[in-house]
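Please read the following report alongside the sequence and the three-dimensional view. It is written for someone meeting this structure for the first time.

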Amino acid sequence: MEPRCEQFMNTSRKALQDPHLQEALRSIDANLRTMRDAAFQELPNGEALRDQARNIRDHTLEHLDRYLEQLEDRVTQLGGTVHWAEDAAAARRIVEGLAADRGVRTVVKGKSMVSEEIGLNEGLAARGVDVVETDLGEYIIQLACEPPSHIVGPAIHKTKDQIARLFCEALDAPLMKDPEKMALFARRKLRERFLTADMGVTGANFLVASSGALVLLENEGNIRMSTTLPRIHVAVTGIEKVVPTWGDLSVLLQLLPRSTTGQKLSSYVSLFLGPRRPGEPDGPDEFHLVLVDNGRSRILADKAFRESLRCIRCGACLNTCPVYLKIGGHAYGWVYSGPIGSVLTPQLLRDRRCTSTLPFASTLCGACADVCPVKINIPRILAELRSRYADDPEWGPAPRNEQGLFRLAGAVLSDRLLYEGAGNIARVLYPLIRNMGPADTFPPPASRPFRQSHKRKSRKGRKDAHRG
Amino acid sequence: MNGKMNGKMENPVEPEGIPGYIPGMRVHLFIPCLIDQFRPEAGEAALCVLESLGLQVDYTPEQICCGQPFFTAGRLDASRRLARKTLSNFRDGQIVVAPSGSCVRMIRHHYGELFQGDPVWEKLAQELAGRVYELSEFLVRVLGCEDLGASFPEKVTFHDSCQVRRGLGIFEEPRALLRRVKGLELVEMNRPGECCGFGGVFSARYPHIAEAIVLDKIQDAASTGAGIVSGCEISCLLHIERHARATGAPIRTLHLAEILASGLGS
């Protein structure tokens, strides 16, 4: 997906003026956020689980090469094929190649953020393959030709009425008011596609290295359909999704659904161990696992940023972020939005359009770090991204006038005379510039700063002391 | 306000009665730039509160900024420069009290990081980190004093600044102090810990979002029926007050120190 981070200012402004989006965001706040909090309150050992999860992820990342090799070994033993994709283009080529080679005409897709990252749908469509998103939210944004606005609920920004109108226009549906009827309509449409699809493409929630199992969580049942009906199943995922053992998986499974929606467990938890074996009634003939790097190993190598890869894509940080809850996901300009998006997008893309905007789109309040199931210290990473942007040509650098401004401010604040002089000037100028640009963010300076009245008092105090 | 007006100390609370008080106790009072220039009353109130407890308070006008806004903006060189000044100004081993959560958090949690590996400054940073306190935590946890003899018969709600609550773990202390203020009715917002939207460089870059966020905070505060929002972090209070005034919301802000100094020495 092409980044549009440079539009942050405009898109965020429009977002604040969009009543439908604001209504949707308020409902995320009232529902998803509240349900997550309630689920964790209920857990007697929530903090301990989070610590465990963080340790599991850190350990895995520390030995990622070993676990990936083990995973490949197991998957291959199970009859699956593992493909390694260094970047987005390589990943697309692999899937497109498979599709071409196997005569695939239709693909049904479970939700996969990585597939958005690499632009898979566009790539397949360009080669004449019909791609249908089957997660209802993804289905909706596919019809609307929009990018996802939330990691877990990609169409969360759309109201029921907007979706009803979309169904009319794109699917020839009658105008419906009842969300159940709309879901049923979509279900029927999608059922036809499941039954005729040649290939199912999914992401991965987790990959268990010790067994080679692919783990997928869902509430809708579309993943079960996408992975058992078509003759080929392709899972496209980032290399960081590995967990060492079933025991490790069990810790993360307790945290992921609770963090996402407040559910104790998703409606379906599926464990895939290779393609259908002789004698088994269901399953694809082929199973392919595409492991995508696309900048992840570079993040892994950077000690300051490595913990970004702990992320298990729960979306809890989005649901609790005061900024996200005001501007929604599109303003972040790429696949990943909210706090984790502010952290991943600049690192994966290393594009100045993203490094100059997203790391600053935060108050560093820390609400995200409080809810992250794997305790990623997002504010710390954002501060580090800001400092890289400031001086490092690989990430920035910041424009000269901005550098100059900070240097000037630093000089003034480290020199008493300059500082006191600046204060006096500000007091004189304020009434004149009060309504202009940056002055608007500052409150009126006091007529007498603390240091001045204190000087007076201590002088008076000394006088009194002499007298008394 | 200053209890020294007649050369006589009026102590509502006898220092001997304060658990953590050491006779002749001397502390530095660090008044950061924002309080100095935009809310000097909060600085004066903090001074008054400490002196009313019998402490000897040193203020040095050489001390201006702890370097935090530069640190969070990613300008580490400028931040270090200001941090070195701070470390030099307070190198005498004396306790430093600041009515500012962000400054204390900066010194306590980030100075060591700023000077990591530096043979001289890292040690100084760690040393200072061990004796710097935010005002409410100093009063309650170090001095063991909750009742200063203040009186303020108003309805007050308290905003938990991110730097104070998440940054320093301070939540109970301001409330313990406010509950002992005579006549004060403390009411809680729905989300006292929700960010006010200021975020330093954030509100300069994206003022439209900072505004949208603070309007929610103002609504939450106003819905308590309180006319006053208090806090331990002046940047939040200034941000809240500015937008409350702009929208005509019936709330004003007072730093915790200003409330605690109310009715003292009178």
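The report begins with chain B and its sheets, and then turns to chain A.

This is a predicted model, in which local features need pLDDT of at least 70 and side-chain atom pairs count only at pLDDT 80 or more, while totals for chains, interfaces and linings use all residues. Residues are numbered from 1 along each chain as its sequence is written, and chains are lettered from A and ligands numbered from 1 in the order in which they are written.

**Chain B as a whole**

The secondary structure of chain B comes to 13 helices and eight strands, where helices (H or I, at least four residues) and strands (E, at least two) are DSSP runs numbered from the N terminus. Its radius of gyration is 18 Å, close to the 18 Å that the globule rule gives for 266 residues, so chain B is as compact as a globular protein of that length; the radius is taken over C-alpha atoms, and the rule is 2.2 Å times the number of residues to the power 0.38. The C-alpha trace of chain B spans about 55 × 50 × 30 Å along its principal axes. Buried residues (20 or more other C-beta atoms within 10 Å of their own, against 12 or fewer for exposed and in between for partly exposed, with C-beta atoms placed from the backbone) make up 58% of the 266 residues in chain B.

**Strands of chain B**

Two strands count as paired if DSSP finds at least two bridges between them. Four strands of chain B form an open sheet in the order 6-5-7-8, with parallel pairing. Strand 6 (185–187) and strand 8 (252–255) of chain B stand at the edges with a single partner strand each, so one side of each is left without a neighbour in the sheet. Neighbouring strands of this sheet are turned by 35 degrees against each other on average, direction ignored, the axes being lines fitted to C-alpha atoms, for helices over the stretch in contact, and angles running from 0 to 180 degrees between N-to-C directions.

Within this sheet, strand 5 (residues 155–158) of chain B pairs with strand 6 of chain B in the parallel sense over three bridges, and Thr157(B) has Val187(B) in strand 6 as its bridge partner. Elsewhere in chain B, strand 1 (residues 26–29) runs parallel to strand 2 (residues 56–58), joined by three bridges, and Arg26(B) stands opposite Gln56(B).

**Helix 12 of chain B**

Just after helix 12 of chain B, Gly248(B) takes a positive phi of about 75 degrees.

**Chain A: backbone points in loops**

Most residues other than glycine have a negative phi, and most peptide bonds are trans.

Arg313(A) is placed in the loop between helix 13 (296–301) and helix 14 (316–320) of chain A. The peptide bond from Gly396(A) to Pro397(A) is cis, with omega near -10 degrees, and Pro397(A) is found in the loop between helix 19 (378–391) and helix 20 (400–413) of chain A.
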